[in-house]
Amino acid sequence: MKLEDLKICILRIEGTNCEDESFQAFKRLGANPEMVHLKQLTGQDVLETEKRDLMDFHILMIPGGFSSGDYVRAGAIWAARMKSKLSAPLTEFVREGRAVLGVCNGFQVLVEMGFLPGLNGIMSSVPDAVLATNESSRFECRPTLLKYENNYTSIFTQKLKSGQILLIPSAHAEGKLLFPPEKAEKIYQQLEDNDQIVFKYVDPDGEYAGYPWNPNGSPHNIAGICNPAGNVLGMMPHPERVFHRFTHPDWTRGFGTDIGDGRVIFESVLEHVCKKF
Amino acid sequence: MFIADIRIKLKKGVADPEGKNTMKALELLGFYEVVAVDTSKFFSVKLDTQDESEARTQVEKMCQNLLANPVINEYSYDIRTVEGA
């Protein structure tokens, strides 16, 4: 499939606030993104002409923000609304190997929906994980360094070099990835074995480090995970915010390029999906 | 009609940064007797049904499907009768 024919659904509801950068990231690479409100997919309270079918898209992106005011738990309301109306098409979407990217609040939604970590089938009926309140109990907003830990299971990182470190900003208050305490270590091992851990927080020397390099206290420094098939990725830091080099904090020191560290994630998934469909 | 008073707590052993932070602030304000602060969420849900066991089933489902995340939360509730709308 040609790049310009690739359709990307940038999903939004009330409180989403990263849809513009996400849209532009795909647009600038020559793909065909569309901002779609959840109501357009569920078909509720919209005109006939505004209705959209999820299966017409190849990539679904759930962008960051504070959907529904982060009420109950971050991402819980959005997840509940999707689960109530879109469980079947979403499961089909993932089963077919189409791509789903959740960033920040989007990651929280994917976890609350049961798509990640995805150890018990495509979608679990209750969440198997949670993005809990940061260890600092604060909103942590700053550039973070991510080490690419995956062995190319994730379709979003095919163009990265093994062990490569990316500077991608974090901005969240609930980013500590937890599993049920009684089986947490077993699940971490399973994630390792399935090659589902995609990014870990590191310090400038590339070593796993605590706060502030790990902004939320996530055990094992996990910043992003994918499902076992690799077509669903959830990550707390925002790749769409560093699409250009000039949005890096040290941009004045120049590197003779306009390529930001986040761009490779969008390039990777577009290339993969182009080949697949 | 029934009102369900639902409390969502963190499971034992799950870190409670909000509680810890609140405790620190209370100490700064001079409340030196404070030895622990645990935070929880409280929802008061009104249900239009005459059947208490039905109300109970509904509340149980609400907790499982939305109000609590079983990974870190545990929930409890009391159900009481109220008059009228």
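Visitor: Which element gives the most to the lining of the largest pocket, and with how many residues?

Guide: The element is β5(A), which gives 4 residues to that lining. Before going on, please note that this is a predicted model, in which local features need pLDDT of at least 70 and side-chain atom pairs count only at pLDDT 80 or more, while totals for chains, interfaces and linings use all residues. Residues are numbered from 1 along each chain as its sequence is written, chains are lettered from A and ligands numbered from 1 in the order in which they are written, and side-chain values use heavy atoms, with hydrogens and water left out.

A pocket is an open set of points on a 1 Å grid over the protein atoms alone, with protein on both sides within 12 Å along at least five of seven lines, whereas in a cavity a 1.4 Å probe fits but cannot get out; lining residues have an atom within 4 Å of a point. Two or more residues each come from β5 (130-133) of chain A and from β1 (2-10), α1 (17-28) and β2 (40-47) of chain B, where helices (H or I, at least four residues) and strands (E, at least two) are DSSP runs numbered from the N terminus. By class, 12 of the lining residues are nonpolar, 5 polar and 7 charged; Ala, Val, Leu, Ile, Met, Phe, Trp, Tyr, Cys and Pro count as nonpolar, Asp, Glu, Lys and Arg as charged, and the others, Gly among them, as polar.

The second largest pocket holds about 330 Å³ of space. Of the 17 residues in its lining, L10(B), V14(B), D16(B), V37(B) and D38(B) lie nearest the centre. Here β1 and α1 of chain B are the elements that give two or more residues, and α1(B) has the largest share, with 4. Its lining divides into 6 nonpolar, 3 polar and 8 charged residues.

Turning to the cavities, the structure holds 2 of them of 30 Å³ or more. About 40 Å³ of space lies in the largest cavity, whose lining consists of R73(A), A74(A), Q108(A), V111(A), E112(A), V130(A) and L131(A). The elements α4 (105-113) and β5 of chain A each give two or more of these residues, and the largest share, 3 residues, belongs to α4(A). This lining has 4 nonpolar, 1 polar and 2 charged residues.

For the second largest cavity the volume is about 40 Å³. Around it stand L60(A), I62(A), M82(A), L90(A), V94(A), V100(A), L110(A), M113(A), F115(A) and V232(A). In chain A, β3 (59-62), α3 (76-95) and α4 give two or more residues to this lining, and α3(A) has the largest share, with 3. The lining has 10 nonpolar residues, with no polar and no charged ones.

Helix α4 of chain A also holds V109(A). Leaving aside neighbours within four places in sequence, V109(A) is in contact (heavy atoms within 4.5 Å) with I62(A), G75(A), W78(A), A79(A) and M82(A).

Methods. Grid points are joined across faces, edges and corners, and a volume is the space filled by probe spheres set on the points.
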